[in-house]
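Student: I've got this one open on my screen and I'd like to talk it through. Start me off with a single residue, please.

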Amino acid sequence: MMLKALDGSLCLSEATAKAVQRIPDAKCNGDMHAALNYELEQKHDLENFLTRQGVNHITGE
């Protein structure tokens with residue numbers, strides 16, 4: 001449940017950042033772009049980690 005909540009929060013953060021970037025008057029600074037890039041990287045790292053853990057559990061490593 002915690003992972004589902006975390007994933008939901010990350011998805012909402014990503015969608016919000018992308019929506020704000022599309023607003024012409026929003027004047028996003030580099031912080032918004034950096035935060036979005038960081039969020040995407042961390043989300044992929046979490047997915048890769050969980051996949052590795054699942055494979056290790058199945059193979060007994």
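**Talking through the model**

Student: What's the relative accessible area of Asn48?

Tutor: Asn48 has a relative accessible area of 43%, so Asn48 is partly exposed. Buried would be under 20% and exposed over 50%, with partly exposed in between (1.4 Å probe, protein chains only).

Student: Where in the fold does Asn48 lie?

Tutor: Asn48 lies in helix α2. Helices here are DSSP runs of H or I with at least four residues, strands are E runs of at least two, and both are numbered from the N terminus. Before we go on, this is a predicted model, where local features need pLDDT of at least 70 and side-chain atom pairs count only at pLDDT 80 or more, while totals for chains, interfaces and linings use all residues. Residues are numbered from 1 along each chain as its sequence is written, and side-chain values use heavy atoms, with hydrogens and water left out.

Student: Got it. How many helices and strands does the chain have?

Tutor: There are 2 helices and 0 strands. Helix α1 covers residues 2–21 and helix α2 covers residues 30–59.

Student: What's the radius of gyration, and what would a compact globule have?

Tutor: The chain comes out at 16 Å, whereas a compact globule of 61 residues would be near 10 Å. That radius is taken over C-alpha atoms, and the globule rule is 2.2 Å times the number of residues to the power 0.38. Along the principal axes, the C-alpha atoms fill a box of roughly 55 × 20 × 15 Å.

Student: What share of the residues is buried?

Tutor: Of the 61 residues, 10% count as buried. The chain exposes about 5000 Å², and carbon and sulfur atoms supply 61% of that. Those areas come from the Shrake-Rupley method with a 1.4 Å probe, and for residues only the protein chains shown count as cover.

Student: Switching to charges. How many salt bridges are there?

Tutor: The structure holds 2. To count, a side-chain nitrogen of Lys or Arg has to be within 4 Å of a carboxyl oxygen of Asp or Glu. In one of them, Lys18 meets Glu14 at 3.1 Å, N to O. Both residues sit in helix α1, 4 residues apart, about one turn of the helix.

Student: And which residue does Glu14 pair with in helix α2?

Tutor: Lys43, with the closest N and O atoms 2.8 Å apart. Glu14 is in helix α1 and Lys43 in helix α2, so this pair ties together parts 29 residues apart in sequence. Through shared partners, the salt bridges join Glu14, Lys18 and Lys43 into one network.

Student: Which of those count as buried?

Tutor: Glu14 and Lys43 are both buried. Glu14 has a relative accessible area of 11%, which is why Glu14 counts as buried. Lys18, at 35% relative accessibility, counts as partly exposed.

Student: What about greasy spots? Which residues make the nonpolar surface patch?

Tutor: Leu3, Leu6, Phe49 and Leu50 make a patch of about 340 Å². Helices α1 and α2 are the elements that each give two or more residues to the patch. Patch residues need over 30% relative accessible area and no salt bridge; nonpolar side chains (Val, Leu, Ile, Met, Phe, Trp, Tyr) are joined within 5 Å, and like charges within 9 Å.
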